[in-house]
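I opened this notebook to keep track of what I looked up, entry by entry.

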Amino acid sequence: MTKPILWLGLLCLLLSGCTIIEQKIPVVSQFQANAYLGTWYEIARLDHSFERDLTHVQASYRQDGAAIRVLNQGYNPKTQQWQSANGIAYFMEGRDQGRLRVSFFRPFYGAYQIHALLPSQPQNGLYQNAIVMGPDNSYLWLLSRQRQVTKDVRQSFIKQTELLGIDPQQLIWVPQTPELTPTD
């Protein structure tokens with residue numbers, strides 16, 4: 001009986017240390033973690049089951065020692081309730097590279113690859129817009145510090161999406177209005 005438990009423990013330990021990246025993309029270098037912390041609004045995403053039907057999605061990031069704590073929240077208009085998920089992220093290749101491993105279901109981690117920041121340098125100490133991918137191009141998020149983006153930022157998002165091999169017609173543009181804000 002001890003051997004199966006030992007093997008299961010070793011398997012969990014191995015899986016907890018692994019983050020599979022099926023499609024390694026260029027990520028932001030000279031990344032400044034402090035300029036990424038705070039609240040981001042999800043402007044667009046590709047469809048996936050864990051955010052299906054959610055509107056007003058936002059993510060908050062805060063430093064916690066070597067980790068970054070993540071709180072994702074979104075509104076489900078069908079149930080008229082907010083849904084949230086807490087996660088933790090760690091840098092994979094140093095704090096100056098935009099490649100992290102994030103977990104909402106420990107010990108399992110997924111890739112969080114910050115492909116681009118628009119503009120590339122922080123303004124007022126914070127990055128303003130981000131393009132993030134998961135382990136491959138079936139996971140994509142367009143994030144902004146603002147609930148609405150300008151036409152130029154939107155066009156830049158679309159162009160970058162195409163360069164990543166993603167059909168922009170597949171993007172879900174997420175409703176963001178100030179009337180709906182999560183209560184903490």
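I began with contacts, taking a contact to mean heavy atoms within 4.5 Å. On that basis, residues 24 or more positions apart account for 55% of the contacts in the protein chain that have a separation of 6 or more.

I noted the provenance before going on: this is a predicted model, in which local features need pLDDT of at least 70 and side-chain atom pairs count only at pLDDT 80 or more, while totals for chains, interfaces and linings use all residues. Residues are numbered from 1 along each chain as its sequence is written, and side-chain values use heavy atoms, with hydrogens and water left out.

**Fold and surface**

I looked up the secondary structure as DSSP runs, numbered from the N terminus, with helices being H or I of at least four residues and strands being E of at least two. The protein chain has 3 helices and 9 strands, and along the sequence they follow the pattern α-α-β-β-β-β-β-β-β-β-α-β.

For burial I used relative accessible area with a 1.4 Å probe and protein chains only, where buried means under 20%, exposed over 50% and partly exposed in between. Of the 184 residues in the protein chain, 43% are buried. The chain exposes about 10,400 Å², of which carbon and sulfur atoms supply 55%; these areas come from the Shrake-Rupley method with a 1.4 Å probe, and for residues only the protein chains shown count as cover.

**Aromatic rings**

I counted rings of Phe, Tyr and Trp (its six-membered ring) as a pair if their centres lie within 6.5 Å, with planes under 30 degrees apart called stacked, over 60 edge-to-face and the rest tilted. The search of the whole structure finds 11 aromatic pairs. I looked at Tyr139 and Trp141, whose ring centres are 6.3 Å apart and whose planes are at 25°, so the pair is stacked. Tyr139 is partly exposed at 26% relative accessible area, whereas Trp141 is buried at 14%.

I also recorded one aromatic cluster, formed by Phe31, Tyr36, Trp40, Tyr61, Phe91, Tyr112 and Tyr127.

The charged end of Arg101 sits over the ring of Tyr109 at 4.3 Å from its centre, and Arg154 lies over the face of Trp173 at 3.7 Å from the ring centre.

**Gly134**

Where does Gly134 lie? I found Gly134 in the loop between β7 (129-133) and β8 (140-144), buried with a relative accessible area of 1%. Leaving aside residues up to four places away in sequence, Gly134 touches Ala111, Gln113, Tyr139 and Trp141, the last two being the stacked pair above. From Gly134 to Leu100 I read 9.6 Å between C-alpha atoms, across 34 residues of sequence.

**Salt bridges**

I took a salt bridge to be a side-chain nitrogen of Lys or Arg within 4 Å of a carboxyl oxygen of Asp or Glu, and the whole structure holds 6 of them. Arg69 pairs with Asp64, the closest N and O atoms being 2.8 Å apart; Arg69 is partly exposed at 29%, and Asp64 is partly exposed at 34%. Glu93 and Arg99 meet at 3.0 Å, N to O, with Glu93 partly exposed at 34% and Arg99 buried at 4%. Salt bridges that share partners join Glu42, Arg45 and Glu51 into one network.

Notes:
A charge sits over a ring if NZ of Lys or CZ of Arg is within 6 Å of the ring centre and within 35 degrees of the ring normal.
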